[in-house]
Amino acid sequence: MNTGIDVPQIQRYGALYIASARLKSMSKWKAIIAAVDIGNPLFYLIAVGVGIGVLVEKGSGTSGTNGIKYIAFIAPALLANSAIAGVMDETVFPTIEGFKWRKLFFAQNATPITGRQIALGVYLSALCRAIFSVSVYYLLLIAFNVVEFGSSILLIPIAVLGGGAFGAIILYAAAKIEKDDQFFNILGRLVIMPMFLFSGTFFPLSSMPIYLQPIGWISPLWHATELGREAAFDYGISNLMVAVHLTFLSTLVAIGITLSMRQFERRLAK
Amino acid sequence: MSKPLISVRGLTKVFGDFTAVNGINFDVAKGESFGLLGPNGAGKSTTMRILAATSTRTSGTVEILDKDPEKFGPLVRAHLGIVPQEDNLDGELTVTENLFIYGRYFGLPKKFIKAKIEELLEFAQLEEKRDVKVQALSGGMKRRLTIARGLVSEPDILLLDEPTTGLDPQARHILWDRLFRLKEQGVTLVLTTHFMDEAEQLCDRLVVMDKGAIMAEGSPQGLIKQYSSKEVLEVRFGSDRNKEVAPQLSQMCERMETLPDRLLMYTEDGEKLLEQIAAAKLHPTTSLVRRSSLEDVFLRLTGRTLIE
């Protein structure tokens, strides 16, 4: 019997072992991840900063955006969206791969590691990716003089919380689906795209007809964007709404993780 | 006899209205090499997943290293080495990275794992491939690496599900040699296979499974002795004539099995039987005298061949 195996320790740190293995896998893609996480913000900042932003400000000044420069107005949304995209990359693919394509989760579960720890480990590693994506984005925002360094640093944890809230739910969905054929299409075109467009990203949610506003209310992107605007520019949101946003996002994290951990455990034990 | 490492009583697993495993019993002693032989769908892999403490059972009791794997999954898995049917190595990582990460899942110290990796690379004959990405390895190498990975934690029991399925004959022989070494070192092996030659080579004792139930249990030689004759004469008359001559031939031997392409005649002396057939002016197009194998045992027990 190998007496070096400390099961209580594995029960405490198993999720971290999984997360570090995931980070190791990610590091194999570091060039691509860096290109995406630097290239994507650059394109947005140039297109919106010198293109659309100029057009908007010519038309209505900053009256529609509480006096904030247009590019700055959408920056917190872009940041949160970048966290969402990063978390999605690192939850959806590894999960479908882990259960189906390469069955790596089954190998991990053949050790003292449990399904619940695998779910948590994948999630934690996805948050690490989001922290990286958002930090790069934030530095570019500073470099492009879109936001000033200061309380705007809170944009980073806020965006990561937004990404984490969405990611926790999407982790559960990815663990639940058995047939992946249409999953990516549906997710990309019918969830991500509308969420990006209708979450108060490019214009305040209140400027949309009331019947479209519920899309924003259930969208983690909207909640994270509003919090981000408040943190970066004192946007004028009440403390009550700050609490609502924080509670909504934290609740999604809690629900998503609970469901994911249970689903991972069940699917592996089949 | 000391207490068995594995003890299974009345094990049943039901998926919906399909009973995959139906009330099986067996024990595996320390240092033993134990096999589950049966065709695809016999319930071998389901049994293995339950032994591996990764799948739940519907009823019955299972004790592995004195613990119920369903209640103490991590504690039981800490002392098992698992070699699944499908390779689930991480193809994007190198050979050593795969071994290292797996060792970490057992919470083993880095120093221990590093030393262990050197030993395992030699065992798996993969020293030259240490820094190669796994996706570039051949099927045989991946199998050997999967076995090496299963050994990284120095398990008390190594569970192998169809270890050589899908490998070419040469790769199979290399693998058998490696497994035989483990057996000599006293590692307790539990393996499933639908290859009778594999079972004969590697198992001290085995159970023959079919449709979720155990049909017979014993050593390979013991089973052959109990369920078959010493020799088998295989004759072919061409697919149409096989049936015609079957009634006449069946009078000449202890027992006969009619397969689509050939007739199997069970006898103590194959050559003598062949002479008798010639004397009766029946001339088979081909004939072969061989020793009885586990395949014959399976045919006797189930009326079917192992690989259909």
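Predicted model: local features only at pLDDT ≥ 70, side-chain atom pairs only at ≥ 80, totals over all residues.
Figure 1. On the side of chain B that touches chain A, helix H2 (73–77) and helix H3 (95–105) of chain B each supply at least two residues (helices are DSSP runs of H or I with at least four residues, strands are runs of E with at least two, and both are numbered from the N terminus). The largest share, five residues, comes from H3(B). This side of chain B divides into 12 nonpolar, nine polar and 11 charged residues (Ala, Val, Leu, Ile, Met, Phe, Trp, Tyr, Cys and Pro count as nonpolar, Asp, Glu, Lys and Arg as charged, and the others, Gly among them, as polar). Four salt bridges are counted between chain B and chain A (a side-chain nitrogen of Lys or Arg within 4 Å of a carboxyl oxygen of Asp or Glu). B:Glu97 and A:Lys24 meet through their side chains in a salt bridge, at 3.4 Å from N to O.

**Figure 2. Extent of the interface between chain B and chain A.** The contact (heavy atoms within 4.5 Å) takes 32 residues from chain B and 32 residues from chain A. About 2800 Å² is buried between the two chains, and carbon and sulfur atoms give 57% of this area (buried area is the accessible area, with a 1.4 Å probe, that two parts lose on being put together, summed over both).

Figure 3. B:Ser292 is placed in the loop between strand S13 (286–291) and helix H11 (294–302) of chain B. With a relative accessible area of 3%, B:Ser292 is buried (buried means under 20% relative accessible area, exposed over 50%, partly exposed in between, with a 1.4 Å probe and protein chains only). The side chain of B:Ser292 makes a polar contact with the side chain of B:Ser228 at 2.7 Å and reaches the backbone oxygen of B:Ser229 at 2.6 Å. Not counting residues up to four places away in sequence, the residues that B:Ser292 touches include B:Ile224, B:Lys230 and B:Tyr266.

**Figure 4. Salt bridges within chain A.** A:Asp89 forms a salt bridge with A:Arg129, with the closest N and O atoms 3.7 Å apart. The pair links distant parts of the chain, since A:Asp89 is in helix H3 (residues 70–101) and A:Arg129 in helix H5 (residues 115–143) of chain A, 40 residues apart. A:Asp89 is partly exposed at 31% relative accessibility, whereas A:Arg129 is buried at 6%. A:Glu178 lies in the loop between helix H6 (155–176) and helix H7 (183–197) and A:Lys270 in the segment after helix H10 (239–268) of chain A, so the pair ties together parts that are 92 residues apart in sequence.

**Notes.** Residues are numbered from 1 along each chain as its sequence is written, and chains are lettered from A and ligands numbered from 1 in the order in which they are written. Local features need pLDDT of at least 70, side-chain atom pairs count only at pLDDT 80 or more, and totals for chains, interfaces and linings use all residues, while side-chain values use heavy atoms, with hydrogens and water left out.

Technical notes
Polar contact = N/O pair within 3.5 Å; in protein donor to acceptor, adjacent residues only side chain to side chain.
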